[in-house]
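Thanks for coming, everyone. Let me walk you through one model, part by part.

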Amino acid sequence: MKTRHLKNVQPGRRRFLKQSALLSAGLAVGFHWVPGVSAADDREAPSAFTPNAWVRVLPDGTVKLVVHKHDSGTGTRTALAACVAEELEVDPMAVEVITPENPFFEAYIHPLWHVFSTGGSTSVSLEYDRLRQAGATARELLVAAAAKRWGLAPAECRAIDGRVFERAGDRSAHYGELAEAAARLPAPESVTLKALSEFRYIGKLRRKRNALEKVTGRLRYSIDLEQPGMLVAVIQRAPVIGARVEGLDAGAALAVPGVRRVIRVPARPDVLGGNREGVAVLADDYWSAQQGRSALQVRWSSSPFAEFDSESLPARFGAALEDPAAPLVRTLQAGDADSAWPAAAKLLEADYGMPYKVQNPLEPICISAELVDGRLHFRGGVQVPSFAREAALTVCGLDADRVVIEELISGGSFGAREAKYWLMEVAYLAQQVATPVKLMNSREDEMRALFGHAATLHRLKGALDSDGRLSALRLRALSPASGEQWEPGYDERADHMDYSTTEAISAWDFAYRAPNLDLGWVRHETGVPTGWYRSVSFIPNVFAVESFMDELALAAGRDPLAFRLAHMQERPRHVRVLMKAAALAGWHSPLPEGTALGLATNQGYGSFVAVVARLSRNEGVIRVERLSCVIDCGLAVAPGGVEEQVYGGLMWGLGHALFDRLDIRGGEVVQSNFHDYRVARMSDMPDIEIRILEGDRDKPSGVGELTSPPVAPAIANAIQRLTGQRLRSTPFELTLPG
Amino acid sequence: MIKIQVNGLSHELSQDLASMPLLWVLRDKLELKGTKFGCGKGLCGACTVHFNGTPARACQIPLSAAADARIRTIEGLSENGDHPLQKAWIEEDVPQCGYCQSGQLMSAAALLASGSPVNDTSIRAAMSGNICRCGTYGRISRAIKRAAAEGGQA
């Protein structure tokens with residue numbers, strides 16, 4: 001899982017109360033409690049528990065739930081609202097769900113990363129308990145207010161469907177009637193949460209919010225935002241990394257009708273993840289801006305990157321792996337692998353490579369900004385509010401309290417909206433003009449933005465003993481650091497681990513056991529910026545390990561499923577998904593001629609997955625016919641949402657196997673649009689079978705990034721069984737049905 | 001002036017906009033934001049509209065080529081979001097981020113309106129020009145079949 005660490009934020013208590021007051025401003029009556037303190041009370045109070053961050057009850061009975069996580073299509077608005085609503089006893093599909101008035105309210109800080117951010121498949125798993133507590137606190141206060149009004153004990157009242165009822169009588173009151181009185185009561189020190197069997201929404205939701213707005217085209221995305229006087233900006237960014245503007249003739253661009261300004265946007269290489277140099281064209285609308293951009297005459301400086309070719313990376317990476325001076329971080333050590341090689345009955349060695357990849361959300365990056373009275377307003381899909389602050393500070397010199405965010409749902413992210421270059425660019429443009437600016441990427445810009453997935457090379461060596469068991473395994477995962485954007489100082493940690501680069505190959509999450517294990521990450525920086533990409537380092541790490549496990553099984557003459565199970569220890573949930581997926585796919589049943597199955601597995605975010613790919617071969621054409629997938633994600637809060645995340649992940653995995661590949665030649669990205677960078681279409685999709693196991697029902701775990709990594713190795717493993725050929729670099733060269 | 005008819009309403013637009021793609025005319029001149037921009041090259045289907053009754057990529061049609069054409073956008077698919085496909089889309093909970101869904105629905109509506117038999121083959125043929133990055137293809141296919149089974153054409 002993405003494990004980002006930034007310096008801890010220790011808010012002062014006083015500051016908390018001030019923010020509380022700010023938060024409730026504008027509401028007729030809003031709850032704003034802290035434990036043991038009533039809303040009207042302005043004393044010092046602990047800030048550990050703040051239900052007011054998520055619940056608003058208005059006197060007219062309107063209930064508003066705040067979802068503080070960005071929704072880029074992952075369904076967080078539905079799943080997180082359900083956690084509050086379940087305990088508050090309101091229908092999560094019927095109440096209003098809003099984004100935070102102040103996204104920088106301290107309760108919204110990510111509990112692991114200590115920044116304001118959404119990502120890493122953590123939204124439901126990490127917020128589950130405290131959102132339910134927030135809902136339960138509000139419920140108990142409303143019940144207490146009703147009890148007080150009626151002269152009853154709270155136990156003589158119960159809340160249901162937005163009302164409090166007298167258990168033994170006829171009296172009832174809707175939440176709005178009780179809100180003001182409830183806000184004056186001290187918040188309970190602790191609350192009782194509902195038992196699993198009492199849930200009405202959690203574990204049962206099959207639909208998501210906003211569906212009607214989405215099927216009528218009425219939902220407003222960043223790209224749809226209009227404001228009086230707004231200019232639309234597009235940026236011609238340096239085609240080669242590191243190039244600067246040497247000469248600029250904006251005359252022809254400025255002569256295009258509708259074009260208002262041409263502004264040079266300076267590069268910020270001093271900021272990790274900072275923007276490249278560019279020339280922005282600002283116009284009345286996007287089309288005019290693009291016409292102006294194509295009329296720009298820019299002379300770019302030379303850059304050392306002009307020599308860079310991604311085609312040469314496998315050789316370069318291979319050499320780096322042979323270099324004894326290469327920085328190696330050991331991620332898992334057991335026994336002594338080197339001493340085990342001579343005794344091996346069989347030795348295997350293999351390299352696995354993956355290319356650069358691009359996230360390509362269908363809504364290209366788009367963000368508006370405006371500088372008003374010394375405050376920088378961002379409007380749009382801001383997935384990482386902390387980056388908006390960083391942009392304001394590093395570009396405009398504005399402190400954190402000068403940043404305002406009006407958040408909108410995004411048309412996909414997959415990591416693209418966890419980059420910060422575009423926030424810095426729009427902050428710069430907002431500072432240069434007196435009007436609101438909407439920065440829009442074209443698809444070509446999106447392809448060439450970089451900050452996608454890193455190219456990698458994995459080198460594995462394995463020893464089998466005379467019983468066909470794995471006696472030693474060595475793995476070297478060559479990759480740049482990914483955590484750097486988040487934590488510049490991570491390398492000073494004692495273990496030197498970049499947890500976002502060593503997923504699935506570290507001591508706590510490597511699936512397999514053998515007497516001698518030597519796993520490690522070799523850091524290799526090419527200078528090509530990379531960023532967050534759905535499933536991050538699980539993708540190459542699982543591709544290499546799960547492919548190699550099949551190669552070892554084949555060499556040992558063992559069934560790939562049995563071979564895996566024989567090397568797992570104390571992983572009952574992991575074993576169960578493997579067994580269930582095998583059963584689902586008919587692993588042990590006879591197959592038709594020209595058909596083969598391949599298996600792979602993954603774990604992460606607290607969840608487990610196994611995928612079986614079924615391939616067929618017909619006159620030289622290999623086709624992925626079916627993917628059978630079983631997951632255990634603990635409690636599925638919104639089962640419909642879990643299923644679609646699983647499907648989406650499988651589709652992404654199919655993309656890794658068959659399509660995703662970004663080339664860089666002469667320092668410039670080669671691909672430009674969906675004709676030369678293919679993504680999965682409906683016609684590419686095999687049959688998909690998904691089973692969500694009822695696992696540990698007490699706790700939800702992550703699903704958004706779980707299921708893509710095992711798909712490519714499952715397909716590669718099936719190809720080997722079908723053709724005898726082992727494919728070790730993605731995308732695979734297959735002739736696909738047209 | 002260039003005349004176009006959008007969702008039954010006639011509009012007259014300046015000759016200066018002759019080369020502007022219909023997509024941007026709809027979005028920026030007529031304030032119909034439901035039609036989305038995804039690639040600008042006719043590759044992703046997000047801007048699919050009905051052009052004289054057939055599905056077309058609005059980013060590839062200069063306004064001049066749309067003169068006197070009848071155009072239908074997602075806003076004109078139904079009055080209240082109750083086209084059989086929209087109902088089926090909600091029933092099957094199709095949208096994830098939702099950004100591609102205007103285009104998906106317009107492609108699906110053209111398939112149903114064509115009177116062709118609705119099956120896996122015709123659905124794939126009609127829908128494979130529309131990219132969804134979230135991965136809603138399975139549910140789209142189910143929703144189209146549901147709408148067809150319920151007699152939806154409109």
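Chain A splits into three parts in the domain assignment: domain 1 (13–215), domain 2 (222–304 + 365–440) and domain 3 (311–356 + 452–723). Those bounds come from an automatic or database domain assignment.

A word on ground rules. This is a predicted model, where local features need pLDDT of at least 70 and side-chain atom pairs count only at pLDDT 80 or more, while totals for chains, interfaces and linings use all residues. Residues are numbered from 1 along each chain as its sequence is written, chains are lettered from A and ligands numbered from 1 in the order in which they are written, and side-chain values use heavy atoms, with hydrogens and water left out.

Back to the domains. The C-alpha centres of domains 2 and 3 of chain A lie 37 Å apart. Their contact (heavy atoms within 4.5 Å) takes 12 residues from domain 2 of chain A and 14 residues from domain 3 of chain A.

Next, the second largest pocket. A pocket here is an open set of points on a 1 Å grid over the protein atoms alone, where a 1.4 Å probe fits, with protein on both sides within 12 Å along at least five of seven lines. Lining residues have an atom within 4 Å of a point. The space comes to about 620 Å³, counted as what probe spheres set on the points fill. There are 35 lining residues, and the closest to the centre are Gly273(A), Phe451(A), Gly527(A), Val528(A) and Pro529(A). Domain 2 and domain 3 of chain A each give at least three residues to the lining.

Now the sheet. Four strands of chain A form an open sheet, in the order β21-β22-β23-β26, with mixed pairing. Strands are DSSP runs of E, at least two residues, and helices are runs of H or I, at least four residues, numbered from the N terminus. Two strands pair if DSSP finds at least two bridges between them. At the edges sit β21 (595–604) and β26 (687–692) of chain A, each pairing on one side only.

Which way do β22 and β23 of chain A pair, parallel or antiparallel? Antiparallel, over 11 bridges. Within them, Val609(A) stands opposite Ile631(A) in β23(A).

Last stop: a loop. Ala345(A) lies between α9 (337–340) and β13 (346–354) of chain A. Beyond its neighbours within four places in sequence, Ala345(A) contacts Leu464(A), Asp465(A) and Ser466(A).
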